[in-house]
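Dear colleague,

Please find below the sequence and the structure that I promised to pass on. My notes follow directly after them, with the cut-offs given where each term comes up.

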Amino acid sequence: MKIFVTREIPGTALDKLRSSGNEVNVFDNDRPMTPEELLEKASGMDAILTLLTDKIDGKVIDAIGSQLKVISNYAVGFDNIKVEDATERGVVVANTPSDEVNEAVAEHSWALMLALARRIVEADEATRRGAYKGWEPGIFLGINMVGKTLGIIGLGNIGLMTARRAKGWNMRVLYNKRSRDEKAEKELGVEFANLDRLYAESDFISLHVPLTDETHHMINKDAFAKMKKGVILVNTARGPIVNEAELVEALRDGKLRGAGLDVYDNEPNINPELVAMENVVTTPHIASATWEAREKMGQQAVDAILKTFAGEKPENIVNGEVWDKRIK
Ligand code: DGY
């Protein structure tokens, strides 16, 4: 079978793929493929291992050919793939959720919250430029985390892991999700809140919802208007969940104390006004970038391909209906 990998990935997973007896082709440039390159190189393949920078829809799947069996996406999020187009064509789509990735993203959300609460990036920049002239009582005043309220929007696995860490800081946690999670309420002491209440009472808000039509730009001027003054917003989920232009306004008006952003509305472009603000901490979509998480992602992405070839249902299939039809 022929497999196309759209970019070299860290860790040992591709060695496993290469020693599987299949033909493995890896894009030989260390950058995202253009749509034209993807169409050309992936044509005739039985499987593709894609990254979140690859846009896959019915047109691409048709161009690759009807032999395509599986699209294995090296990410938890799969909003870069039109899953319904793959399902219609009987192509398996799989993703790579795991404790390792979820923990890494939760840790990064906390890193951003802490960096903003204690103004770490601003202070680091000042120290490096030689502005530290001796202890002063009034420089870089931040806020304590202890006793504050953390609002978590989306209490899936990453949201839960983010919530769990708040215990150590003795914080109150409000959460919002479609349905209540009574187990989490009992185990972690988190409290369900509708969005209006979560906005009104949270000192920190961390986003953990997937990008869908419903969540696109859900954090907009109406949401900012309902938020408590001085809130810190963190987004490690997907950029388009936040309306960036309206975020700039909310930061400028002082409604938000700060924003920690790992993802952007139109990656890799970042609104230049955000980058210029001292109370914004930006990272380049690295929330899952730990060795442990990347190794696990690679292994899962490769296993989904090898399992599909072997006629075994991949663990992380996202369109199970394709499999159910296939085994009838
Ligand atoms: C994911 O897994 O969805 C991250 O955003 C990229 O690793």
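In what follows, a residue is called buried under 20% relative accessible area, exposed over 50%, and partly exposed in between, with a 1.4 Å probe and only the protein chains considered. Please keep in mind that this is a predicted model, in which local features need pLDDT of at least 70 and side-chain atom pairs count only at pLDDT 80 or more, while totals for chains, interfaces and linings use all residues. Residues are numbered from 1 along each chain as its sequence is written, and side-chain values use heavy atoms, with hydrogens and water left out.

**The ligand and its surroundings**

Which residues are found around the ligand? They are Leu 52, Ala 75, Val 76, Gly 77, Arg 238, His 285, Ser 288, Arg 294 and Met 297, where a residue counts as near if one of its heavy atoms lies within 4 Å of the molecule. By class, this shell has four nonpolar, three polar and two charged residues; here Ala, Val, Leu, Ile, Met, Phe, Trp, Tyr, Cys and Pro count as nonpolar, Asp, Glu, Lys and Arg as charged, and the others, Gly among them, as polar.

For polar contacts the criterion is a pair of N or O atoms within 3.5 Å; within protein, one atom must be able to donate a hydrogen and the other to accept it, and residues adjacent in sequence count only if both atoms are side-chain atoms. An oxygen atom of the ligand lies 2.6 Å from a polar backbone atom of Val 76. For the side chain of Arg 238, the distance from a ligand oxygen to an N or O atom is 2.7 Å, and for the side chain of His 285 the corresponding value is 2.7 Å. Taken alone, the ligand exposes 230 Å², and the protein buries 90% of that; the areas come from the Shrake-Rupley method with a 1.4 Å probe, and for residues only the protein chains shown count as cover.

Asn 95 lies in the loop between strand 5 (92–94) and helix 5 (99–117), where helices (H or I, at least four residues) and strands (E, at least two) are DSSP runs numbered from the N terminus. With a relative accessibility of 8%, Asn 95 counts as buried.

**Salt bridges**

The structure holds 25 salt bridges, a salt bridge being a side-chain nitrogen of Lys or Arg within 4 Å of a carboxyl oxygen of Asp or Glu. One of them joins Asp 196 and Lys 226, whose closest N and O atoms are 3.2 Å apart. This pair links distant parts of the chain, with Asp 196 in helix 9 (residues 195–201) and Lys 226 in helix 10 (residues 221–226), 30 residues apart. Asp 196 is partly exposed at 42% relative accessible area, and Lys 226 is partly exposed at 40%. Elsewhere, salt bridges that share partners join Arg 172, Glu 191, Arg 197 and Glu 201 into one network.

In another pair, the side chains of Arg 128 and Asp 124 meet at 2.7 Å, N to O. Because these two residues are four apart in helix 6, about one helical turn separates Arg 128 from Asp 124. Arg 128 counts as exposed at 67% relative accessibility, whereas Asp 124, at 34%, counts as partly exposed.

**Surface patch and backbone details**

Tyr 132, Trp 135, Ile 139 and Phe 140 make a nonpolar surface patch of about 480 Å². Patches are made of residues with over 30% relative accessible area and no salt bridge, joining like charges within 9 Å and nonpolar side chains (Val, Leu, Ile, Met, Phe, Trp, Tyr) within 5 Å. Trp 135 sits in the loop between helix 6 (120–128) and strand 6 (149–153), and its 70% relative accessibility makes it exposed. Phe 140, which is partly exposed at 31%, has a positive phi near 50 degrees although it is a residue other than glycine.

Arg 119, likewise not a glycine, has a positive phi of about 55 degrees and is placed in the loop between helix 5 and helix 6. Finally, the peptide bond from Glu 267 to Pro 268 is cis, with omega near 5 degrees, and Pro 268 lies in the loop between strand 11 (256–261) and helix 12 (272–275).
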